[in-house]
Amino acid sequence: MAVHSHGLAGLIPRGANASRLYLQRSTDDTLSQWPDERIWSELEARFGTPVSTGPIVDKRLVPLRSVVYSPMSYGRLYLLGDAAHIVPPMSVKGINLALHDTEVFARAVIRRIRESDSTLLDDYSETCLRHIWNYQAFAVWITEMMHNAGDAPYEGEFRKRIARAELERAFTSPTAKRLFDELTVGVNWAASLGPSDGSEGDARGMQSCQVNGCCLPGRCPARCGTVRVGGERAGGPSRARRQARHRPVRW
């Protein structure tokens, strides 16, 4: 990743012979304005060093958005992964959240089949959404910070300085760095998966949940002791959507 006065740039490896490229650009730009040569030149300028070039097989203008459907279940329909929530690519949390949904759902189904207990299925949405909103907050924060930190004309010099102060704090303060690292790696749990069958692994999950401070008196859907928040269910899924104001990225 690179923060430059022209905007954000990113080069993320996708195997031995491919990479995904990001360039922050104006919403008024078109793909025809960006031939391969200009993309490589802009990447080199923003990174301040030569970059390996090659054929670009796909180009897109991507609006950055955040979407959450709540509740994530309706009757016997359950939403998982991108069907339930979308995060900006800057946060690289799409796969993490999808896998979390999958594990919560799998444990709920297993308990329903083995024990005829539908409690986890009934509370699937609440169990997932607390974790999802935690990472939606992170995704919005890091996306805005990285886009504001380089391109002053976007939201002004004041927002640029604020973003740079936040970025510096994330790497110089041990406390801030620990939280940033947890959120980046995906181990900052807003809600534990909790025990499902009494195994050793489930016990460790319960201990982790308690250590992270999310356990309060009461019963949570995952049986880790967390108080249920917002127990009322709507008649059908609603959509919480945030269309980001910042410029799209191109890859």
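**Helix packing, a hairpin and confidence**

Modeller: Happy to! In this predicted model, helix α6 (residues 157-172) packs against α4 at an angle of about 120°, and the two axes are 8 Å apart.

Colleague: Which hand does the crossing of α4 and α6 have, and which residues of α6 make the contact?
Modeller: The crossing of α4 and α6 is left-handed. On the α4 side, Trp141, Met145, Met146 and Asn148 make the contact. By class, the contact of α4 with α6 has five nonpolar, one polar and three charged residues. The α6 residues are Arg159, Lys160, Ala163, Glu166 and Leu167.

Colleague: How is α2 oriented relative to α4?
Modeller: Helix α2 covers residues 94-115 and helix α4 covers residues 124-148; their axes come within 10 Å and cross at roughly 160°. Angles over 145 degrees count as roughly antiparallel. That makes the pair α2 and α4 roughly antiparallel.

Colleague: Which residues of α4 does α2 meet, and what is the hand of that crossing?
Modeller: From α2 come Leu97, His100, Asp101, Val104 and Phe105, and they meet Tyr124, Thr127, Cys128, His131, Ile132 and Tyr135 in α4. The residues of this contact divide into seven nonpolar, three polar and one charged. As for the hand, the crossing of α2 and α4 is right-handed.

Colleague: What is the orientation of α4 to α7?
Modeller: The axes of α4 and helix α7 (residues 174-185) come within 11 Å and cross at roughly 110°. Since 65 to 115 degrees is the range for it, α4 is roughly perpendicular to α7.

Colleague: Turning to the strands, which residue in the turn between β2 and β3 has a positive phi?
Modeller: Strand β2 (residues 7-13) pairs with strand β3 (residues 19-24) in the antiparallel sense over five bridges. Ala9, for one, has Leu23 in β3 as its bridge partner. The two strands form a hairpin with five residues between them, and the turn residue with a phi of about 95° is Gly15.

Colleague: Which peptide bond is cis, and which residue has a positive phi although it is not a glycine?
Modeller: The cis bond runs from Ser70 to Pro71, with omega near 0°, and Pro71 sits in the loop between β5 (65-70) and β6 (73-74). The other residue is in the loop between β8 (85-86) and α2. With a phi of about 40°, that residue is Val92.

Colleague: Where does the pLDDT fall below 50?
Modeller: Across the protein the mean pLDDT is 77, and 75% of residues reach 70 or more. One stretch below 50 is residues 191-237, which has 81 contacts in the model beyond near neighbours in sequence. Another stretch has 55 contacts beyond four places in sequence, and its pLDDT stays under 50 over residues 243-251.

Methods: Residues numbered from 1 in each chain as written. Predicted model: local features only at pLDDT ≥ 70, side-chain atom pairs only at ≥ 80, totals over all residues. Heavy atoms only, no water. Axes fitted to C-alpha atoms, helices over the stretch in contact; angles between N-to-C directions. Helix = DSSP H or I, 4+ residues; strand = E, 2+ residues; numbered from the N terminus. Parallel < 35°, antiparallel > 145°, perpendicular 65-115°, else oblique. Left-handed = near helix turned anticlockwise from the far one by under 90°. Contact = heavy atoms within 4.5 Å. Nonpolar A, V, L, I, M, F, W, Y, C, P; charged D, E, K, R; others polar. Pairing = 2+ DSSP bridges. pLDDT = per-residue confidence, 0-100.
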